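The sequence and structure are shown first.

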Amino acid sequence: MHHNQIALGFVAAILLAGPATGQVSAPLTQQQADFLDRNSDGAVSPDEYHDYLGNAFQYLDTDRNGSLGRNEVEDLMSDDQFSSIDSDGNGQASRQEFLNQGQRDFATADKDASGQLE
Ligand SMILES: [Ca+2]
Ligand SMILES: [Ca+2]
Ligand SMILES: [Ca+2]
């Protein structure tokens, strides 16, 4: 589905921009920001970001076992990035681990610490 393809691209963009890469986080593109900004107030709030990540997680968890195996995200992130998300090292990125990484990425992307991504 077209919608899912968009979501997948954004997961890639956001996760790949995360601290695990050792690179400076790329700001959201306008297109990404518009997509995440559900209430169209011109900024992405933590709630909006959280909702998006929850949807992304559901989409990525293709076997519906409640966690992401390496195989489910093999095209999306490097081993290092996966390890960064899998904080307990059990080889599975749980929903909570995935959301925790998202929070870290949000904080990194929120360069002016306004609590919103503008
Ligand atoms: Ca908003
Ligand atoms: Ca799974
Ligand atoms: Ca884990």
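## Order of elements

From the N terminus, the elements of the protein follow the order α-α-α-β-α-β-α, giving five helices and two strands. The model is a predicted one.

Of the 118 residues in the protein, 24% are buried. Where contacts join residues at least 6 apart in sequence, 61% of them link residues at least 24 apart.

## The largest nonpolar core

The largest nonpolar core has 15 residues, and the members that touch the most others are Tyr49, Leu53, Phe82, Ala93 and Phe98. At least two residues of this core come from each of helix H3 (46–60), helix H4 (79–85) and helix H5 (95–109). H3 provides the largest share, with five residues. In soluble globular proteins, nonpolar side chains tend to be buried together.

Phe82 is one of the core members with the most such contacts. Apart from its neighbours within four places in sequence, Phe82 contacts Arg70, Val73, Met77 and Ala93. Ala93 is likewise listed among the core members that touch the most others.

## Packing of H3 against H5

Two packed helices are described by the angle between their axes and the distance between the axes. For H3 and H5, the angle is about 140 degrees and the axes lie 10 Å apart. H3 is therefore oblique to H5, since angles count as roughly antiparallel when over 145 degrees. The crossing in which H3 passes H5 is right-handed.

On the H3 side, the residues that meet H5 are Pro46, Tyr49, His50, Leu53 and Phe57. Their counterparts in H5 are Arg95, Phe98, Leu99, Gly102 and Phe106. Sorted by class, this contact comprises seven nonpolar, two polar and one charged residues.

Glu118 lies in the segment after H5. Is this residue buried, exposed or partly exposed? Glu118 has 14 C-beta neighbours inside 10 Å and therefore counts as partly exposed, because the buried class requires 20 or more and the exposed class 12 or fewer.

Glu118 and Asp37 are 81 residues apart along the chain, yet their C-alpha atoms are separated by 9.3 Å. When neighbours within four places in sequence are set aside, the contacts of Glu118 are with Gly42 and Ala43.

Methods: Residues are numbered from 1 along each chain as its sequence is written. Chains are lettered from A and ligands numbered from 1 in the order in which they are written. This is a predicted model: local features need pLDDT of at least 70, side-chain atom pairs count only at pLDDT 80 or more; totals for chains, interfaces and linings use all residues. Helices (H or I, at least four residues) and strands (E, at least two) are DSSP runs, numbered from the N terminus. Two residues are in contact if their C-beta atoms, placed from the backbone, lie within 7 Å. A nonpolar core is a set of buried Ala, Val, Leu, Ile, Met, Phe, Trp, Tyr and Cys residues joined through C-beta atoms within 7 Å. Axes are lines fitted to C-alpha atoms, for helices over the stretch in contact, and angles run from 0 to 180 degrees between N-to-C directions. Angles under 35 degrees count as roughly parallel, over 145 as roughly antiparallel, 65 to 115 as roughly perpendicular and the rest as oblique. A crossing is left-handed if the near helix is turned anticlockwise from the far one by less than a right angle, and right-handed if clockwise. Ala, Val, Leu, Ile, Met, Phe, Trp, Tyr, Cys and Pro count as nonpolar, Asp, Glu, Lys and Arg as charged, and the others, Gly among them, as polar.
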